[in-house]
Amino acid sequence: MIATCGGEDVRRLDYISDHRPRTICFPASAGTDSSSEYHLESSRLSGKYGFWTLAFLVIANMIGAGVFTTSGYSLADLGSPQLVLWAWLAGGVISVAGAISYAMLIRVMPQSGGEYLFLSRAAHPLLGYVAGWVSLIAGFSGAIAFAATALEGYLLPEHLRPEWMPAGIVTIMAIVLAGFFHGLHPRVGATTQNIAVSVKLILLATILLFAVYQWFGGDLIIRNSEVQMTAETTSWSRWVAFAGSLVWISLSYSGFNAAVYVADEVIDATRVVPRALVFGTLATTLLYLCLNAVFVFAPSAASIVGKPDVAAIAAASLGGNGFAHFVRWTIALCLLTSVLSMMMAAPRVYAKMADDGMLPAWMRFRGEAPFAATVVQMMVAITLVLISDLQGLLSYLGLTLSLSAACSVCCLFLPSIRNHPKAAPKHWLIAPAFYVVATIVSAAIMTLNDPKQLIATGITFMVGGTMYVLTTQFKSDNTHEQPS
């Protein structure tokens with residue numbers, strides 16, 4: 001908003017701390033055109049996104065490569081298919097608690113921006129800026145690049161790719177396609193995503209129905225075999241292994257908060273967004289449990305232990321190579337919808353930061369979509385595809401993003417939120433407390449096993465904090481240099 005601060009026209013970023021409103025001032029020259037001033041009102045009136053679009057957005061964000069690859073590694077650590085399913089159930093309970101927590105936050109702050117918005121408004125702009133920085137560098141960009149890279153691996157494996165076609169071309173095309181739909185034609189992008197997610201759910205349901213048909217027909221034998229562990233296991237070591245597997249599984253549940261990133265573009269966001277968050281997370285949890293029951297019980301344990309392509313192995317056990325190819329194409333569609341959904345959510349965070357003067361004004365909304373922010377997201381994701389081996393960054397991404405989400409949920413305990421008229425009753429704080437504790441315990445287990453992950457996460461947060469100091473200093477210098 002435009003206001004006077006220190007005798008000059010500036011942009012104000014208001015937040016609440018210690019029961020008192022606080023303000024950080026930026027020069028009005030940071031950009032205050034009418035498209036941004038009226039974006040919130042016009043987008044709410046247009047109501048581009050409804051309940052089902054938001055629910056599909058959550059489901060598409062959650063169902064990615066993780067669910068099709070993680071159980072083989074978890075089985076190697078836990079040694080029992082039953083324990084693997086218990087770990088998936090525990091991950092689902094944690095994610096539902098997270099969805100409820102974000103629903104409580106969006107009731108108080110029904111705007112786009114996600115963690116950046118929550119931490120900036122309820123705690124301090126520094127924390128919000130760091131969260132936005134994490135989303136740009138580690139979160140959305142890394143997740144988009146990883147999902148698109150995995151898409152190429154399923155759609156066009158190396159042994160099938162023509163010699164004249166360079167590696168990564170399908171990955172880059174998927175990112176550009178997603179950016180085109182959501183950056184230039186948001187309504188078309190939303191419709192395309194809804195159709196793709198619907199088809200994806202139908203195909204996944206087909207896999208489950210085929211497994212049930214095979215079971216009732218007597219062609220599917222439920223194998224309840226234990227994996228021979230290489231070292232002697234104790235009760236404590238089993239719990240440590242369970243917690244470690246939960247860290248990996250939690251990556252597959254990330255995305256439960258996707259609907260909050262487009263809240264500005266929803267009519268009655270305080271009612272619709274919370275319902276979409278919880279519904280989408282519950283539906284995905286149920287689907288995960290059913291799919292992984294097939295993945296770990298259909299094939300022999302020895303054939304999938306420690307393997308990344310557990311879904312393809314299970315499909316081959318169910319229906320041979322033909323069914324395995326069908327599952328491979330289904331997974332490719334799942335990954336494509338993941339790219340589409342993240343490309344829909346991510347630029348909204350950067351546009352919100354630009355509205356607050358934390359990023360260049362040209363990244364703000366223009367018309368119905370944040371076109372410039374979408375182009376930036378595309379370029380960052382494509383750069384990561386070209387220079388990084390993202391599989392080695394998965395633990396780092398999961399740790400960094402889970403801590404960022406936990407920090408956002410902690411805002412529910414601050415007086416600035418508790419004193420809000422729309423704050424949830426105190427007994428609802430059980431859900432965010434459980435989510436924060438579970439996230440911290442999981443992060444502690446991960447860092448005990450690999451302390452280097454904590455170092456990388458710490459560096460990311462420190463760089464974000466440094467960028468915030470430089471940005472605010474630059475804005476402050478420009479304010480003082482302007483003629484009175």
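## A salt bridge at partly exposed residues

Let's start with Arg271: its relative accessibility is 40%, so this residue counts as partly exposed. The model you are looking at is a predicted one. In it, Arg271 forms a salt bridge with Asp268, and the closest N and O atoms are 2.7 Å apart. Asp268 has a relative accessibility of 34%, so it counts as partly exposed too.

How many salt bridges does a search of the whole structure find? There are two. Beside the bridge between Asp268 and Arg271, Asp355 pairs with Arg364, with the closest N and O atoms 3.2 Å apart.

The setting of this pair is worth a look. Asp355 counts as buried because its relative accessibility is 12%. For Arg364 the value is 0%, so this residue is buried as well.

## Overall make-up

Stepping back, the protein has 18 helices and three strands. Of its 484 residues, 54% are buried. The accessible surface comes to about 20,600 Å², and carbon and sulfur atoms account for 68% of that area.

Contacts across the sequence are also worth noting. Taking contacts between residues at least 6 apart in sequence, 78% join residues at least 24 apart.

In soluble globular proteins, nonpolar side chains tend to be buried together. Here, the largest nonpolar core has 126 residues, and Phe68 and Val273 touch the most other members. Helix 13 (residues 310-355) provides the largest share of this core, with 24 residues. A second, separate core has five residues, among them Val130, Val134, Ala138 and Leu397.

Setting aside neighbours within four places in sequence, Val273 is in contact with Leu54, Ile106, Ala259, Val260, Ala263 and Val266.

## Aromatic pairs

A pair of aromatic rings is described by the distance of the centres and the angle of the planes. The structure holds 14 such pairs. One of them joins Trp52 and Phe56: the ring centres are 6.1 Å apart and the planes meet at 45 degrees, so the pair is tilted. Both residues belong to helix 3 (residues 51-62), where they sit four residues apart, about one turn of the helix. Phe56 has a relative accessibility of 15% and therefore counts as buried.

Tyr102 and Phe256 make an edge-to-face pair, with 5.7 Å from centre to centre and 85 degrees between the planes. Tyr102 lies in helix 5 (residues 81-108), while Phe256 is in the loop between helix 10 (235-253) and helix 11 (269-297), so the pair ties together parts that are 154 residues apart in sequence. Are these two residues buried or exposed? Both Tyr102 and Phe256 are buried. Elsewhere, ring pairs link Phe51, Trp52, Phe56 and Phe279 into a cluster.

Which residues make a nonpolar surface patch of about 440 Å²? They are Ile455, Ile459, Val463, Met467 and Leu470. Ile455 lies in helix 18, which covers residues 452-481. With a relative accessibility of 55%, Ile455 is above the 50% cut-off and so counts as exposed.

Note on methods: Residues numbered from 1 in each chain as written. Predicted model: local features only at pLDDT ≥ 70, side-chain atom pairs only at ≥ 80, totals over all residues. Heavy atoms only, no water. Patch = residues over 30% accessible without salt bridge, like charges linked within 9 Å, V, L, I, M, F, W, Y side chains within 5 Å. Areas by Shrake-Rupley, 256 points an atom, 1.4 Å probe, with all protein chains shown as cover. Salt bridge = Lys/Arg side-chain N within 4 Å of Asp/Glu carboxyl O. Helix = DSSP H or I, 4+ residues; strand = E, 2+ residues; numbered from the N terminus. Buried < 20%, exposed > 50% of the residue type's maximum accessible area, 1.4 Å probe, protein only. Phe/Tyr/Trp six-rings, centres within 6.5 Å; stacked < 30°, edge-to-face > 60°. Core = buried A, V, L, I, M, F, W, Y, C linked by side-chain atoms within 4.5 Å. Contact = heavy atoms within 4.5 Å.
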